[in-house]
Every structure is written in C-alpha cells, then in structure tokens.
Amino acid sequence: MNTQWAVRTADSIMKRTPRLYEARGYNSKWSYDFGVVLKGFEGLWKRTGDRKYFRFIQDNMDYFIQEDGSIRGYHQEEYNIDYINNGKLLFSLYRETGQEKYKQAAALLREQLESHPRTSEGAFWHKKIYPYQIWLDGLYMGSPFYLEYLLTFENGEGLDDVTKQFILCERHTKDETTGLLYHAWDEKRVQSWCNPDTGLSPNFWGRSLGWYVLALADVLELLPDSHADYDTLCRILRDTLAALQKYQDEATGVWYQVVDQAERKGNYLEASASSMITYAMAKGIRLGVLDQIWLDPLDRAFQGVITEFVTETKEGLINLNKVCQVAGLGGADKRDGTFAYYISEPIITNDQKGLGAFLKACCEYERLKDPAGQQIGESSNAGV
C-alpha cells in the first residue's frame, strides 16, 4: 500500500506536536486548524487501519470535549463559522467509541447553525463580527459538518440548505472573465475592502479558493448522488478547478498566493493553497466528478508540492515550507484585501492548517494511485 508521504507527514506531526493545542501560538484555543490536521489523520487511519492515528485524534479532541458534551473554549454566541470545523471529527469518534459526549458535542455545534445569522438569501455569515459577508473559507468550515450531521442524525432531511451555500457563494463571488472566485462578498456593500458596486473583495487569494474546492470535494463524497443539486455541485467543482488549472505554474506545477498575478513582485508560490487544490483534484478524480484527463495536472501538482515546499530534517522529519500564516478581511487590523496585503502576511514553516492540507493531499493522492486499503467506515454518496 502506498502511504509513504502521508505516513511520514503524520508521524512527523505526532512527534513534534503530540498535543496540537499546546503548539506555539494556540494557547489551548478551540482553533479550526486542529480539525484540518485531524481530518488528515482520519483519512490515514481509515486507509491503514493503524489505531495510533485514531488515538491521536481522540487524544487531541478529548482535551476539548467534556463528559457532558460541552466544548472547552467554544462560545456559541460568537457565531463564528470557524468553530464548526473541528466537529467533523465527532462522527468517527462517536461511531468508534459509542460515547454520548461526542454526539452531544456535535448537537451543540448543530445548534449554532440553527440560529447562525444569514444573508437575505440564506447564506451563513462568516462570523457575527463580519455581518452579511460570505467568505470562501467558511464553506469548508461549516458545510461538510452540516451535511454529515443531517445524514447521520436527521435522516438526511434539509440537505438543500447545505447545497445552496455553495450555489450562493459561486453566484456572488465568481468572476466571469477568469472563472476564479473572489475571497469574499459583502451583501450590504459597506465594508472598506469591497467594491461598492459589486460587494466583492479585490483579489483571488489562493487559500480561500483552496478552502472552497476542499469543501466541495468533501461534500460531494457524502451528498447522495440522487440529490437535485448533486450535478450542480459537480459542475461548480469542475469549473472552479478548470479555472485554477489555467493558473497552475508551468515550471513548478503549483499555485501562487495571489493566484492570477504570478509575475508581480512579491508574489510567491504557496503551500497550503497548492495542497488543497491538489487534494480536490485527486478526490474529484476518485469520485468520478473529474475525468482521467485530470491525471496529468494532478501529477504535476503533487510532485510540485513535494519539490517546491517539502524538506526533510536530519532526524527524518517532514517540513512544509512557504505557508501563509493567516489572511482575512476587515476586522481590527483593517485588512484591505489588496495584493500588497496578501503578500505582507507572515510566511512560515509547519503551519498546522498547511500541514493538515498537505496530509490530506498525500492521503488522497496515494489512495488514488494505489487503491488498496481498509477504508474503515467508508461513507458513500449513494446515500445512507
């Protein structure tokens, strides 16, 4: 079974940060980064059957999930869509252990979505402090959890509310010229970063597009293919990846921080976005959403990620370099969404969300190339 890069990356993470929440800068916060890493571990555990990867998930989640199902550091009233992301691990934890606390914690996060504020058309605000705004990032944070919860605990009812999040997001953020999606849209057109006529932020940020295609791939794996919007979501994934493929760097096979401005001074090839796009390509092919013509750009992307971003320490640990630490819009820092802003954020090594995206990409790519594996508790879009 081909698991070379996935195993080496996961083992490096476990050795360096056995407790993700104690890593520098996290201060035991309920951070969405952990969920990105742990979903990578979930994929590797399902593929190999090695319980140490499941234990790593459980050990890290159990710091937050209390016996009564409450979540340490979680504040529902903040209505932050990022807070939903880690909840994706609760389904496997509940299935494997039968412990009610995981089901109760999932219900708590589901409760947030019941009252989470929305745009006039029903799209979730990114956060309460970012009113009437759709950010591409939020589709990954909330939608896959929402879908799996409905399928697992609510008899698959209300799936239209999940699919419309993607449809509305594409409708309002897509640039018809390039096919790319802008980072965010303000329905009220009042934010300092937005175009007052369109409500759109001014640039195509690589990782935001990565979050979006990551979310689509994960949702399409779970969404029953009989659902009325299944084909529409497939089309959105194909279209978005086709737009991104036009900007795949010819020399390296990966993507820039600001996707469409490769030649501009200060722009750089970025690891997390490149890993996410690679993952979405590989998963799209595996699910049959993308045809075999995508194998060549996928191979170039995966090899490019390894060549451009991965180094090995003398101890044999994997480093992932050139990750944008963070980027957003507005807020206290008055982030303006300009090109100058996106290239000004710190570029770091072994950022957790970058490592998580890379681990997920390794798992999907290696699975596609060598389908052998246990695939414990595999979900299917044939319905549940």
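Partly exposed describes a residue whose relative accessible area lies between the buried range, under 20%, and the exposed range, over 50%. The close-up views below come from a predicted model, in which 28 salt bridges are found.

**View 1. A salt bridge between Arg235 and Asp239 within helix H9**. The closest N and O atoms of Arg235 and Asp239 are 3.1 Å apart. Both residues belong to helix H9 (residues 230-245), and because they are four residues apart there, about one helical turn separates them. Arg235 has a relative accessibility of 31%, so this residue counts as partly exposed, and Asp239, with a relative accessible area of 31%, is partly exposed as well.

**View 2. A salt bridge between Arg95 and Glu148**. In this pair, the closest N and O atoms lie 3.6 Å apart. The pair links distant parts of the chain, since Arg95 sits in helix H4 (residues 90-97) and Glu148 in helix H6 (residues 136-153), 53 residues apart. Arg95 is partly exposed, its relative accessible area being 42%, whereas Glu148, with a relative accessible area of 10%, is buried.

**View 3. A salt bridge between the buried residues Asp351 and Lys353**. The side chains of Asp351 and Lys353 come together with an N to O distance of 3.0 Å, and both of these residues are buried.

**View 4. A network of salt bridges**. Here the reader can look for Asp218, Glu221, Lys283, Arg286, Lys360 and Glu364, which are linked with one another in a network of salt bridges.

Conventions:
Residues numbered from 1 in each chain as written. Predicted model: local features only at pLDDT ≥ 70, side-chain atom pairs only at ≥ 80, totals over all residues. Heavy atoms only, no water. Salt bridge = Lys/Arg side-chain N within 4 Å of Asp/Glu carboxyl O. Helix = DSSP H or I, 4+ residues; strand = E, 2+ residues; numbered from the N terminus. Buried < 20%, exposed > 50% of the residue type's maximum accessible area, 1.4 Å probe, protein only.
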